[in-house]
Amino acid sequence: MWRLAPLIGVLAFILTGCGDPTLSALTPKGPVARDQMFLMILSLSVMIFVFVVVMAIYIYVLVRYRRRKGDNKIPKQVEGNHKLEILWTVIPIILLIIIAVPSITQTFDQARDMRKEKDAIHVNVIGHQFWWQFEYPDLGITTAQDLVIPTGKYVSFDVVSADTNHSFWIPVLGGKIDANRGIHNVFYLKSDEVGIFKGKCAELCGASHALMDFKVNSVSSAEFDAWVNKMKAPPAAVPASAAKGEQIFKDNCMSCHATGVNDKSFGPNLNGFASREMVAGILEHNDANLKRWINDPLAEKPGATMPKVGLNDDQLNEVIKYLDTLK
Ligand code: CUA
């Protein structure tokens, strides 16, 4: 038994998700996730209660009624005993009702289609190998990788895939929901805390499935409005120092990456790119990592559709100067 202790220790460590509180369903930051956690705790409590009671009776009977030396009597038989039959039929039914009522109520509540809800923020989510596109149809904004949402408001999601099956998951807000090609899955979430949360793809979708991360930037209503205004403002003139980079971008990158506020492109739209949390969803956002990424995307995300463009060191530095202006 003691030889298993290290294994159990390692398992316990792994099962805690290595402790990232922004990537855990056990640290809910909104009502949907809280309700889901309540269901987990409720069903777990009922299961633990049943386990403890059954084990206690089992051990008691084992000790109290074990066959003693010289005791050859057949004990009293209880087969067909009405009282016992009713007891062990009614108790499980009661326990199941305790689990079923909140489970069914919440399942229907969380399946509500909020697409027509006027007060909600509406986001179309499109999963791509291996990145996420976010469209705000009411606001006329298309962005990628960073999902910006206001606290205290329902966010209604319409989730679909552009290629293979993905699954859209923000553990601290609740979920998850499949992103399938041609099928629009609908659900809603709500955040009531300001913060940056991690999002994941939760469906094996190819070589870089594990790297299909995104960020949720949960901000106050005022900050959200400011973000919308910033995104919709006419782009600032590109400073002279970034003009060379802009040309390199136009020549090499623009066929896949749009920069207009609501442009849909084959690759992630880069409007507001300089303000995003991460590079490609996986690397800390700084010039060195940006260079690493553009220089060889497939080394960072195997199977990604972004090719190695083959820019030289000088060109890389120039194009990064330009990307840094896309605030
Ligand atoms: Cu997309 Cu896994």
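Residues are numbered from 1 along each chain as its sequence is written. Because the model is predicted, local features need pLDDT of at least 70 and side-chain atom pairs count only at pLDDT 80 or more, whereas totals for chains, interfaces and linings use all residues, and side-chain values rest on heavy atoms, with hydrogens and water left out.

The chain contains 8 helices and 12 strands; these are DSSP runs numbered from the N terminus, with helices (H or I) of at least four residues and strands (E) of at least two. The radius of gyration is 27 Å, well over the 20 Å that the globule rule gives for 327 residues, so the chain is more spread out than a compact globule. That radius is taken over C-alpha atoms, and the globule rule is 2.2 Å times the number of residues to the power 0.38. Along its principal axes, the C-alpha trace spans about 100 × 50 × 35 Å. Two pairs of residues give a sense of distance: the C-alpha atoms of Leu4 and Val186 are separated by 45 Å, and those of Val90 and Gly199 by 43 Å.

The chain is divided into domain 1 (21-63 + 77-223) and domain 2 (240-323), with bounds that come from an automatic or database domain assignment. The C-alpha centres of the two domains lie 34 Å apart. In domain 1, 18 residues are in contact with 23 residues of domain 2, contact meaning heavy atoms within 4.5 Å. Among contacts in the chain between residues at least 6 apart in sequence, 64% join residues at least 24 apart.

Buried residues make up 38% of the 327 residues; buried means under 20% relative accessible area, exposed over 50%, and partly exposed in between (1.4 Å probe, protein chains only). Asn271, in the loop between α5 (243-252) and β11 (278-279), counts as buried because its relative accessibility is 12%. Beyond its neighbours within four places in sequence, the contacts of Asn271 include Thr143, Met231 and Arg276.

On the surface, a nonpolar patch of about 990 Å² of accessible area includes Leu44, Phe51, Tyr58 and Val63. Such patches are made of residues with over 30% relative accessible area and no salt bridge, where like charges are joined within 9 Å and nonpolar side chains (Val, Leu, Ile, Met, Phe, Trp, Tyr) within 5 Å. Accessible areas come from the Shrake-Rupley method with a 1.4 Å probe, and for residues only the protein chains shown count as cover. Tyr58 is placed in helix α2 (residues 31-64) and, at 48% relative accessibility, is partly exposed.

Side chains of opposite charge can pair when their charged atoms come close. Here there are 12 salt bridges, each a side-chain nitrogen of Lys or Arg within 4 Å of a carboxyl oxygen of Asp or Glu. One of them joins Glu193 and Lys29, with the closest N and O atoms 3.5 Å apart. This pair links distant parts of the chain, 164 residues apart: Glu193 is in the loop between β8 (185-190) and β9 (195-201), and Lys29 in the loop between α1 and α2. Glu193 is partly exposed at 37% relative accessibility, whereas Lys29 is buried at 17%. Another salt bridge pairs Asp314 with Lys244 (3.7 Å, N to O), linking helix α8 (residues 313-323) to helix α5 across 70 residues.
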